[in-house]
Amino acid sequence: MTHSRSTIGHSPKRREDRKFLMGQGRYLDDLSIENLSHAVILRSPHAHARLRSIDSATAQTAPGVLTILTHEDADADGLKPLRPTVEANTRTGEPFAFLPQPVLARDKVRFVGEPVAVIVAETKAQAMDAAELIDVSYDDMPAVIRANEALAPGAPELAEAVPGNLALDWHVGNEGAVEAEIANAAHVARLRIDNHRVVTNPMEPRGVIGMWDAAEQRYVLHVSSQNLHLNRDNIAKVLSVLPAEVRFIAPDVGGGFGAKNFIYAEQALIAWAARRTARPVKWIASRTEVFLADHQARDHLAEAELALDAEGRFTALRVRSIANLGAYMAGSSGAVQTYQYAHLPGTVYAIPVIQLHVRAAYTNTAPIGVTRGPGFAEANAIIERLIDKAAREVDIDRFELRRRNMFATEAMPCTNAMGESIDSGAFAHSLDQALAAADIAGFPTRKAASEARGRLRGLGLGYHIKGTGGAPFENVDIRFEADDRVTIITGTQTIGQGHETTFPQILADKLGLDDSRIQICQGDTDLIITGGGHGSSRSTYMGGTAMWRAAEEIIVKGIEVAADALEAAAGDIRFVTGRFEVTGTDRSISLLEVAAKGREGKRPLDTYHYWERQNLTFPNGAHVVELEIEPDTGRVHLDRYTAVDDYGVMVNPMVVAGQVHGAIAQGVGQGLLEFVAHDRASGQPLNASFMDYAMPRADDLPSFNLRFNPTRCTTNPLGVKGCGEAGAIAAPIAIQNAIVDALAPFGVIDFDGPATPERVWRAMRGMT
């Protein structure tokens, strides 16, 4: 075998791509399981209704039907409702108001797509046919879709347990100081922002194959998920069993973007159905089910005020916001509002005092979960759009206004008004690099050329920052195999980021090994005791740090074994690039030879390491957009996209670039095309298919001019920062700012997305 050593900073091709390009990936739908039956979920067609009765007698006799399960069966078997992962304010400990979500609707349905019954049959077609024979009687009720309307007096109430639909009402920050600064400010810029709802739609839909292992007396679930251990533990609670009685296995996972981060009713339902039928049961969501029942994202209203002094220095920020949680509190959506959204409300700007008023409401819509940049994306949008508005009003260049108020590089680490510390960053430098790379000096010439063609041209910028880290713990088990391979077993979860390539690079760098000898094993709760999965761009930071520290322990162990093998004192042994050397001599032994001797002498180098973080990492950067608008139609064309980002030390710059490109594409989708539409009266989704919900395509995207301005992160030994979410945060902001810039001649001073042709056309004509 020919070996190569690709370490941190190299860009070898992704080793996992070969199997995908050759059609050898194994996704959930590719698994072959004997005696497999199929499930279909009967879902509510109403956004809000009393559930009077379910008559499944005719359906029970349909061909191939094995069982039909309703809430009465779930109650009889002791299934518990789904509870949120975080049940209290992360800062104050104050409990959230919430109604646990029943696995199958009982008494009432609260959103279109809520599970009502499970049909299991020999084939999927038979299950679908039987579902049509079930007679469900509903009493339709008024629905409420918007969060602000849900909190209005007299609004339809989703649950008696949550009076007024209010999940949380929380103030944080120095209210008195903010009030005083606003009252005495030379200028106050004010803005109302609607960060609209989107769906994530990973390429591979959610799915579950459930089995009951009678011999082991436990459930085995094959899932398309990005967070196995946490979801296993929470599904065990729903099934009223211990976590050890549930095993989660994930084959290749075709994307997640946050939607596969937390538990769903189907994971418990399919496991339970498998036990009831004594058969393996398979459920794969249809694309329509993804639109209706997957956790959605954003849907955040805010009113913000930014106070400035006579020199254009920011003196205070006040934000009043209402988050739409959907019908139930899903996963960590409460924590998003009380931690992530409240973590960096001033982002990269040195604002002395900040005050937030955060409310969250329940509505008759699919539950809100997370997607790239949850909480942080909403906070970034508020300040970046507010700064552009302030710059126009006080007649200061919008880029200079940012530069004037950014935390200085030499002031790092800095602490913001909320008491949160940012360890590293060169914000003004990244801004200047991005503006230079975008050639803003040539913008007037390009604008004139656009006008000559009858088009409007706009320039917009969004500076992003996000705290990454996710679950605050991680572990790794490194094993030296008899064939001289090294196995990394990790509790993180790859969903397309390239861990099979980058994780071996990290260990190869530290241990001086050929990375081709190193393999990664993951995706099975039986492999390792715990794990934080993948969310919040955490895997390289958390899993990489665990590997690095485990490698340090391996070296310490290896020195003892090498000392015996080399007949030297341990204090005279040093480890250099994969070899243990006796200082001052030419005697040495390789790490793999030491590992073999360790196995023989029952002193293996195999090492398990668990750690808990104390800090986040803070990727940041400036994204600049130039776009053209057709005045007659309102159609927007992205012409130029420039980004200068700081991701700290980059393990594999090519993989980083790929992650950034994907996030930008997702952000462009939100900025230009994507939004969830409901009928305001009935609560019916109006665009729950790709016939009506527009995702970005290749011709919607320009070539990206992507550059890096790394500053080493000080909160982990690798110096890395998360890289997967930046574009999804920055792109919508930059697009919206560019649209306002282009439409300034029409008196447009603000624009909420998405920038569909109709919305832009109406904005140009002063129509709402």
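Student: Let's start with leucine 239. Which helix does leucine 239 lie in?

Tutor: Leucine 239 lies in helix 7, which covers residues 228-239. Helices here are DSSP runs of H or I with at least four residues, strands are runs of E with at least two, and both are numbered from the N terminus. This is a predicted model, where local features need pLDDT of at least 70 and side-chain atom pairs count only at pLDDT 80 or more, while totals for chains, interfaces and linings use all residues. Residues are numbered from 1 along each chain as its sequence is written, and side-chain values use heavy atoms, with hydrogens and water left out.

Student: Why is leucine 239 called buried?

Tutor: Buried means under 20% relative accessible area, exposed means over 50%, and partly exposed is in between (1.4 Å probe, protein chains only). Leucine 239 has 5% relative accessibility, so it counts as buried.

Student: What does leucine 239 touch?

Tutor: Contact means heavy atoms within 4.5 Å. Leaving aside neighbours within four places in sequence, leucine 239 is in contact with Leu79, Tyr219, Val246, Ala268, Ala271 and Trp272. Leucine 686, which is 447 residues away in sequence, is 34 Å from leucine 239, C-alpha to C-alpha.

Student: What makes alanine 482 exposed?

Tutor: Alanine 482 reaches 69% relative accessibility, and that is why it counts as exposed. It sits in the loop between strand 19 (473-480) and strand 20. From alanine 482 to alanine 596 the C-alpha distance is 7.2 Å, although 114 residues separate them in sequence.

Student: On to glutamine 497. How do you know that glutamine 497 is buried?

Tutor: Its relative accessible area is 9%, so glutamine 497 goes in the buried class. You'll find glutamine 497 in the loop between strand 20 (486-490) and helix 15 (499-511).

Student: Which side chains make a polar contact with glutamine 497?

Tutor: A polar contact is a pair of N or O atoms within 3.5 Å; within protein, one must be able to donate a hydrogen and the other to accept it, and residues adjacent in sequence count only if both atoms are side-chain atoms. The side chain of glutamine 497 has one with the side chain of threonine 494, at 3.3 Å. Another, at 2.9 Å, joins glutamine 497 to the side chain of histidine 534. Not counting residues up to four places away in sequence, glutamine 497 touches Arg14, His534, Val655 and Gln659.

Student: Which residues lie nearest the centre of the largest cavity?

Tutor: On a 1 Å grid over the protein atoms alone, a cavity is a set of points where a 1.4 Å probe fits but cannot get out, and lining residues have an atom within 4 Å of a point. The largest cavity has 20 lining residues, with Thr540, Val656, Gln659, Lys721 and Cys723 nearest its centre. Helix 18 gives the most to that lining, three residues.

Student: What makes up the lining of the largest cavity, by class?

Tutor: Eight residues are nonpolar, 11 are polar and one is charged. Ala, Val, Leu, Ile, Met, Phe, Trp, Tyr, Cys and Pro count as nonpolar, Asp, Glu, Lys and Arg as charged, and the others, Gly among them, as polar. The lining of the second largest cavity has 16 nonpolar, four polar and four charged residues.

Student: Why is asparagine 201 called buried?

Tutor: Asparagine 201 has a relative accessible area of 7%, so it is buried. Its phi is positive, about 50°, although it is not a glycine. Asparagine 201 is in the loop between strand 8 (187-195) and strand 9 (207-213).

Student: And what makes aspartate 439 partly exposed?

Tutor: Its relative accessible area is 33%, so aspartate 439 is partly exposed. Aspartate 439 also has a positive phi, near 55°.

Student: Last one: how do you know that the radius of gyration agrees with a compact globule?

Tutor: The radius of gyration is taken over C-alpha atoms, and the globule rule is 2.2 Å times the number of residues to the power 0.38. For 768 residues the rule gives a value near 27 Å, and the chain has 27 Å, so the two agree. Of the chain's 768 residues, 61% count as buried.

How values were computed:
On a 1 Å grid over the protein atoms alone, a cavity is a set of points where a 1.4 Å probe fits but cannot get out, and a pocket is an open set with protein on both sides within 12 Å along at least five of seven lines; lining residues have an atom within 4 Å of a point.
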